[in-house]
Amino acid sequence: MAEKVLVTGGAGFIGSHVVDLLVERGYSVVIYDNLTPQVHGEAQHPPDYLNKDAELIIGDVRDREAVEKCLKDVDVVVHLAAAVGVGQSMYMVREYVDVNALGTATLLDVIVNNPRLRVRKIIVASSMSTYGEGKYECAKCGVVYPRLRPYEQLQRREWELYCPRCGKNSPPLSPLPTDEEKPQFPASVYAVTKRDQEEMVLSTCWSYKIPAVAMRFFNVFGHRQALSNPYTGVAAIFSTRLLNNKPPVIFEDGRQSRDFVHVSDVAQAVLLAIQRSEADFTALNVGTGRAVSILEIAKRLAEALGKQEIRPLFPQKFRAGDIRHCFADISRIKTLLGFEPKVDLTKGIEILADWARSQQPEDRLEQATSELEQHGLTF
Ligand code: UD1
């Protein structure tokens with residue numbers, strides 16, 4: 001009989017791709033999702049893209065009774081349900097901790113206190129944001145793990161990082177691929193809750209001998225990103241700006257970099273973690289191993305959407321808690337699970353742009369930015 005997988009947050013961007021892949025591979029899939037209005041709109045309709053062969057149960061991860069019902073006969077749980085928005089988590093502190101930390105706690109509490117359940121594996125979505133800044137190299141000191149850039153430095157609009165030991169006596173630090181052994185210094189409430197989720201799942205599952213994997217997703221992009229959600233990732237925000245004939249707004253100088261991993265590769269990584277046991281009880285980076293600047297993302301999206309004439313804006317602003325560079329060292333996931341990213345940035349942006357053109361996203365960036373400004377979180 002087919003294994004049954006519960007995907008919490010399965011109606012969302014990453015979740016829906018995981019669901020499609022699992023259904024395609026013959027799993028029986030249950031989606032548990034609250035169709036949160038920020039992602040799915042005020043009407044909270046199930047999205048059109050939702051896989052018809054998966055069962056949808058609408059509910060909140062903090063609702064113990066509902067979670068218990070969903071878990072009946074489930075073999076594997078992929079826990080993706082979470083409040084997602086780094087900036088927003090800094091003024092909706094309680095809400096983020098409640099949904100992310102208590103949601104995960106509820107799920108675990110039900111699983112370990114219910115002898116009738118038969119969950120054999122749990123995959124939890126963690127995030128590169130748990131690292132804070134990435135790993136760097138100082139020309140004099142070698143490998144260093146700097147904390148966030150000092151506020152005074154950012155006010156001088158000096159964007160690159162200096163060595164935490166020798167400061168300006170050495171040239172700015174060079175980013176290195178960030179591996180899982182890098183200490184985690186979460187720089188937002190969102191990131192703290194992601195680290196909590198990861199640790200709660202790994203420690204509880206270790207004690208109960210339930211294989212578990214925490215997957216540290218890097219900057220996931222692709223079709224079905226919630227384009228009208230201004231609290232989401234930069235690729236979606238820039239696409240929405242361009243489709244509304246407005247310029248992308250670039251923070252800092254645009255040379256900050258991230259590791260953009262295509263959502264289909266993330267789904268692939270989740271499937272491997274379900275099928276194989278080599279990564280059980282560990283945390284894994286899920287990225288591509290390549291750093292791309294934010295300016296490059298803006299340029300490529302403008303080209304792909306046929307909006308090259310729209311030049312990005314550089315208001316010389318900075319978002320509190322933003323890091324400068326972080327890209328993944330993916331040796332561990334390659335070695336343990338045989339993971340290999342398949343969709344490169346060019347192809348991924350082409351797929352995103354083709355899909356985005358068929359949407360009519362509403363640009364709410366000004367609203368999100370003014371919320372950050374009101375809270376003194378951008379300057
Ligand atoms: C993002 C996600 C985080 C996820 C992580 C890893 C959000 C808000 N953040 O964090 O949940 O865990 O990836 O997948 O969803 N930028 C601009 N202009 C904009 C928006 C962003 O210049 O309009 C810049 C930011 O200042 C930053 C970079 O783009 O330097 C990336 O921002 P963002 O997409 O929010 O990603 P992360 O903060 O890396």
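A backbone N or O atom of F251 lies 2.8 Å from an oxygen atom of the ligand, a polar contact in the sense of a pair of N or O atoms within 3.5 Å, where within protein one atom must be able to donate a hydrogen and the other to accept it, and residues adjacent in sequence count only if both atoms are side-chain atoms. For V234, a backbone N or O atom is 2.7 Å from an oxygen atom of the ligand, while D322 places a polar side-chain atom 2.5 Å from an oxygen atom of the ligand. Of the 730 Å² of accessible area that the ligand has on its own, the protein covers 94% (Shrake-Rupley method with a 1.4 Å probe; for residues, only the protein chains shown count as cover).

This is a predicted model, in which local features need pLDDT of at least 70 and side-chain atom pairs count only at pLDDT 80 or more, whereas totals for chains, interfaces and linings use all residues. Residues are numbered from 1 along each chain as its sequence is written, and side-chain values use heavy atoms, with hydrogens and water left out.

The protein is divided into domain 1 (4–134 + 178–374) and domain 2 (135–177), with bounds from an automatic or database domain assignment. Their contact, meaning heavy atoms within 4.5 Å, takes 21 residues from domain 1 and 15 residues from domain 2.

Between domain 1 and domain 2 there are three salt bridges, each a side-chain nitrogen of Lys or Arg within 4 Å of a carboxyl oxygen of Asp or Glu. E160 forms a salt bridge with R324, the closest N and O atoms being 2.8 Å apart.
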